[in-house]
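Here is a short briefing for someone meeting this structure for the first time. Look at the fold, then follow the points below.

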Amino acid sequence: MSVHTSAVPVRAMLVLGTRPEAIKLAPVARAMASDLRFEPVVVATGQHREMLHQMLGLLGVDVRTALDVMRERQQLSELTARLVGELGGVIRAQRPDTVVVQGDTTTALAGALAAFYERIPVAHVEAGLRTGVMDNPFPEELNRCLIGRMARWHFTPTPRAAGHLTREGIPAEGVFTTGNTVVDNLLWVLAEGAGTSAFRSCAKRILVTLHRRENQGHRMRGMGRSLCRLAGRGDVEIVLPLHRSPAVRDALLCEVDGREGFTLVDPLDYVDFVATLAECDLVLTDSGGIQEEAPTLSKPVLVLRTTTERPEAVEAGAARLVGTDPETIVSAAGRLLDDPAEYRRMAGAGNPFGDGRAAARILARLAEDVTAEPAAGLTASGPYSTA
C-alpha cells in the first residue's frame with residue numbers, strides 16, 4: 001500500500017459494471033466527490049453497458065474510465081479473465097490508495113482480484129451476505145465469499161451480515177456495519193422528485209422483476225404462467241420490466257406476451273423504477289436489491305427464490321420467501337391482495353437495512369484508516385498478509 005498523508009486526498013477507485021452496483025456505489029461516489037479528503041476514480045467495466053449508461057448521469061456519477069468487456073454470449077470464465085486483465089492495467093496506471101467494489105457480481109470479484117494482485121487494499125461495500133448454498137444464487141454466492149477473503153474493509157448492511165464474516169474468521173476490526181447504501185440512494189432519488197411510474201391504471205398494482213440465472217428456463221416459464229393467473233383475476237395491473245437477457249425474455253414472453261393485465265416495458269431507468277416502486281401495491285421478485293428498497297416504501301415483497309441472502313427482511317415480516325412453484329406464488333399473492341389485515345402487517349414491518357447514512361459511515365472509516373500511518377495488516381492482502 002502506498003504511503004499516505006492527510007494533506008493528500010485518498011485516491012479511491014470505485015469499480016462498477018452493473019446497474020445494481022451503480023445504484024449502490026452512487027452514494028459513495030457522490031459523497032467522495034464533495035469531500036476534500038477523497039479523489040474518486042470511477043471505472044465502469046461495461047458488464048451491463050446499456051442498462052448502466054442510461055442511469056449514471058442521472059445518479060450524479062462521473063466515470064473516469066470506461067471499459068468494453070462484453071462479447072455476445074460470453075462465458076463467465078471468459079468475462080472474468082478479460083475483466084481481471086483490463087482492471088489490472090487500469091489499477092497499475094491509476095495507482096489508487098484503495099479499490100472499492102460492491103456486492104457479488106463478476107465485476108466485483110474481478111475488481112477485488114485485480115487489486116489483490118497489485119497489492120492495493122480492497123473495500124467491500126455490502127459485505128457479508130450469505131445463503132449458505134455455494135451455487136445459489138449462482139455465481140454470486142461464491143463471488144461474495146471470495147471477495148471476503150481478499151478485502152481489507154468489510155462494510156456490512158446489517159449485524160447479521162457482520163456475524164457471517166466474523167464466524168468465517170474475518171477479524172472483527174475489519175468489519176463495520178453501516179447500513180445499506182441502496183437506502184441512501186433511494187432517499188436521494190425520492191428527494192430529487194424525478195421519475196415517471198410505468199403503471200397505467202388504478203387497479204391493484206403489482207411490480208415484477210425476474211432475471212436470476214438459477215430461475216431461467218422451465219422455472220421462469222412456470223412463474224410466467226403464475227403471473228398470467230394473477231392477471232386473469234381482472235383487478236390487477238402487472239408491470240413487468242423485461243430484462244435484456246435473451247434467456248429471460250424468451251422464457252417470459254412466450255407465456256405473457258399479449259395477455260390482458262400486463263404492462264410490458266424495457267428495463268426502466270432507475271428514477272422511473274423508483275417512481276414505479278413507490279406507486280405499486282405489491283412486489284414479486286427474484287432480485288436482491290429490491291428486497292432492500294421496497295420495505296423503505298412499505299411495499300410487501302414476495303421473493304420468488306428458494307433462498308435469500310437477505311433474511312432480515314423475511315424475519316422483520318416485510319418480505320416472504322415463497323419459492324418458484326406457480327401454485328404457491330398465486331396463493332401467496334392472492335392472500336395479500338385479498339386480505340387487508342395481512343397486507344397491513346407486511347407493509348408496516350419497516351426496513352431493517354439502514355437509515356440512509358451508510359455512505360457517510362464508509363467515508364469516515366476509509367478516511368481514518370487510509371490517512372493513518374501505514375501499519376501491519378493494512379496491505380492489499382489485509383489481515384491475511386504474510387509480509
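**Sheet, helix and loops**

Strand 6 (residues 153-156) and strand 7 pair in the parallel sense over 3 bridges. Two strands count as paired if DSSP finds at least two bridges between them. Helices (H or I, at least four residues) and strands (E, at least two) are DSSP runs, numbered from the N terminus.

This is a predicted model: local features need pLDDT of at least 70, side-chain atom pairs count only at pLDDT 80 or more, and totals for chains, interfaces and linings use all residues. Residues are numbered from 1 along each chain as its sequence is written, and side-chain values use heavy atoms, with hydrogens and water left out.

- Phe155 stands opposite Phe176 in strand 7.

**A helix across the sheet**

**Backbone exceptions**

- Most residues other than glycine have a negative phi, and most peptide bonds are trans.
- The peptide bond from Asn136 to Pro137 is cis, with omega near 0°. The bond from Phe138 to Pro139 is cis, with omega near 0°.
- Pro137 is in the loop between strand 5 and helix 5 (140-150). Pro139 lies in the loop between strand 5 and helix 5.
- Arg95 has a positive phi of about 45°, although it is not a glycine. Arg95 sits in the loop between helix 3 (76-94) and strand 4.
- Arg119 has a positive phi of about 60°, although it is not a glycine. Arg119 is in the loop between helix 4 (106-117) and strand 5.

**Exposure**

- Buried means under 20% relative accessible area, exposed over 50%, and partly exposed in between (1.4 Å probe, protein chains only).
- Arg95 is partly exposed at 43% relative accessibility. Arg119 is partly exposed, with a relative accessible area of 41%.
- Gly348 is exposed because its relative accessible area is 60%.

**Around Gly348**

- Gly348 is in the loop between helix 14 (340-347) and helix 15 (358-370).
- The C-alpha atoms of Gly348 and Pro295 are separated by 8.4 Å. These residues are 53 residues apart along the chain.
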